[in-house]
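Notebook open, viewer open. I want to go through the helices, a surface patch and whatever charge pairing turns up.

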Amino acid sequence: MTARTGGTAPGRVHEVPAGSRGPARRRPLRAPAASRSNALPAGAWWLWALGLATAASRTTNPLLLGLLVGVAGYVVAARRTDAPWARSYGAFIRIGLFVVGVRLVFSVFLGSPIPGTHTVFTLPEVPLPEWAQGVRLGGRVTAEQLVFALYDGAKLATLLICIGAANSLANPARLLKSLPGALYEAGVAVVVAMTFAPNMVADVMRLRTARRLRGRPTGGLKAVLQIGLPVLEGALERSVAVAASMDARGYGRTAQVPPGVRRTTNLLTLGGLLGVCAGTYALLAAQGAVYGVPLLIAGLVAALAGLRLGGARSVRTRYRPDRWGVRAWLVTGSGVAVAVAMIWAGGAYGEALHPGVVPLTAPVLPLWPAAAVLIGLLPAVVAPVPPPVGAPVGAPVGAPVGAPVGAPNSKEIQ
């Protein structure tokens with residue numbers, strides 16, 4: 001027995017089993033398609049990534065660091081768009097691997113204060129004067145110092161990869177819109193600096209593809225020199241275009257405020273930011289949690305008061321300001337939860353989070369910290385789903401790449 005459902009084209013009957021409520025009622029719960037109206041604020045992605053980076057700073061366990069990299073990479077693969085800044089994640093991974101390699105090289109040639117008994121090889125040692133005591137060039141290289149350097153470099157590489165995830169997921173222009181008016185000038189400089197690396201990576205990829213299509217080599221020193229000049233030229237042209245656009249829109253115009261208000265604003269803002277930095281450093285340190293929280297709260301209050309007063313100088317308005325909905329708070333909360341859980345685990349799982357190297361012991365994966373890191377996967381479920389990579393603007397989510405679509409909707413992500 002079947003039933004007929006409406007809403008189909010004329011002359012077509014969509015048959016479904018009797019008692020069913022139609023395919024629209026049976027679809028699984030999933031995130032909506034991304035559009036301009038429901039796109040996550042850039043600040044949510046940055047807070048999520050900074051939470052993962054804070055968790056990475058609390059451990060040297062390579063298993064937990066690898067899990068953090070895997071979580072960040074999965075979210076980037078699931079939710080990044082086809083924008084130029086979204087292609088910079090691979091470059092941050094390569095930078096992280098380069099950092100690990102440099103840390104190992106420094107440990108081999110400059111030595112390490114870590115004692116060890118397992119000699120791997122011995123290099124010729126260069127004698128140094130007496131004023132250079134504590135520094136050596138060459139000499140005995142032990143397995144303990146190599147493992148210590150590997151753990152230390154992996155932690156720094158994980159921090160860079162987490163920051164690269166934020167660069168790949170957050171739109172820099174939307175991040176500039178979210179800044180308070182008092183930080184608008186500084187925010188422009190920061191956004192320009194943040195967009196330099198992704199745009200440079202996109203220019204290099206475009207030029208390498210063009211050289212490959214022309215049958216020219218893309219590797220070697222000569223090819224790098226030939227690609228570098230067009231990249232710098234494009235960066236200069238883009239900078240001139242941005243400067244002209246900002247000048248045409250009246251950038252730099254501010255309202256007149258009394259000198260006393262201006263001095264109070266600067267004092268509160270600078271003092272508050274210094275308090276936030278000192279409190280954050282105390283929380284990340286091993287023995288600073290007692291005075292770190294009050295200092296952080298006092299710095300936040302002073303900084304917010306200064307930003308509130310400084311916003312009176314701004315005469316600009318915001319067009320379509322970003323709204324922090326439930327999904328944005330879930331993304332932010334997942335990163336904060338990972339950071340808080342890892343800070344708490346520092347006292348309960350101290351040995352597991354920092355595996356020893358003297359004597360050498362195999363790292364173990366602590367269960368609860370690893371489960372806390374998996375909370376960072378929440379954005380891959382709740383964040384809006386972007387269009388497929390390579391699909392035209394206005395294509396529905398799930399449509400094959402290259403499929404014809406209608407006219408682009410002005411509400412879609414541009």
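First, the cut-off I'm working with: I call two N or O atoms a polar contact when they lie within 3.5 Å, and within protein one must be able to donate a hydrogen and the other to accept it. Also to keep in mind: this is a predicted model.

**Entry 1: start of H3.** I looked at what sits at the start of H3, and found a side-chain oxygen of Asn 61 within 2.9 Å of the backbone nitrogen of Leu 63.

**Entry 2: H3 itself.** The helix runs over residues 62-79, 18 residues in total. From first C-alpha to last I get 26 Å, close to the 26 Å expected at 1.5 Å a residue.

Which residues of H3 are buried? My list reads Leu 64, Leu 65, Leu 68, Val 71, Ala 72, Val 75, Val 76 and Arg 79. They are on the same side of H3, because they cover an arc of only 125 degrees around the axis. On the face turned away from the buried side I noted two exposed residues, Tyr 74 and Ala 77.

**Entry 3: nonpolar patch.** Next I went over the surface. Val 105, Phe 106, Phe 109, Leu 110, Val 126, Leu 128, Val 135 and Leu 137 make a nonpolar patch of about 670 Å². Which helix gives the largest share? It is H4 (residues 89-110), with four residues. I checked Leu 110, which belongs to H4: its relative accessible area is 41%, so I put it down as partly exposed.

**Entry 4: salt bridge.** How many salt bridges does the structure hold? I count one. Arg 103 pairs with Asp 152, and their closest N and O atoms are 3.2 Å apart. The two come from distant parts of the chain, 49 residues apart, with Arg 103 in H4 and Asp 152 in H5 (residues 143-169). I looked up the accessibility of both partners. Arg 103 is partly exposed at 24%, and Asp 152 is also partly exposed, at 31%.

**Entry 5: Ser 168.** Still on H5, I stopped at Ser 168, which lies in this helix. Buried or exposed? Ser 168 turns out buried, with 1% relative accessibility. I then followed its side chain, which reaches the backbone oxygen of Gly 164 at 3.0 Å.

Definitions and conventions: Residues numbered from 1 in each chain as written. Predicted model: local features only at pLDDT ≥ 70, side-chain atom pairs only at ≥ 80, totals over all residues. Heavy atoms only, no water. Expected span 1.5 Å × (residues − 1). Buried < 20%, exposed > 50% of the residue type's maximum accessible area, 1.4 Å probe, protein only. Arc of directions from axis to C-beta. Patch = residues over 30% accessible without salt bridge, like charges linked within 9 Å, V, L, I, M, F, W, Y side chains within 5 Å. Areas by Shrake-Rupley, 256 points an atom, 1.4 Å probe, with all protein chains shown as cover. Salt bridge = Lys/Arg side-chain N within 4 Å of Asp/Glu carboxyl O.
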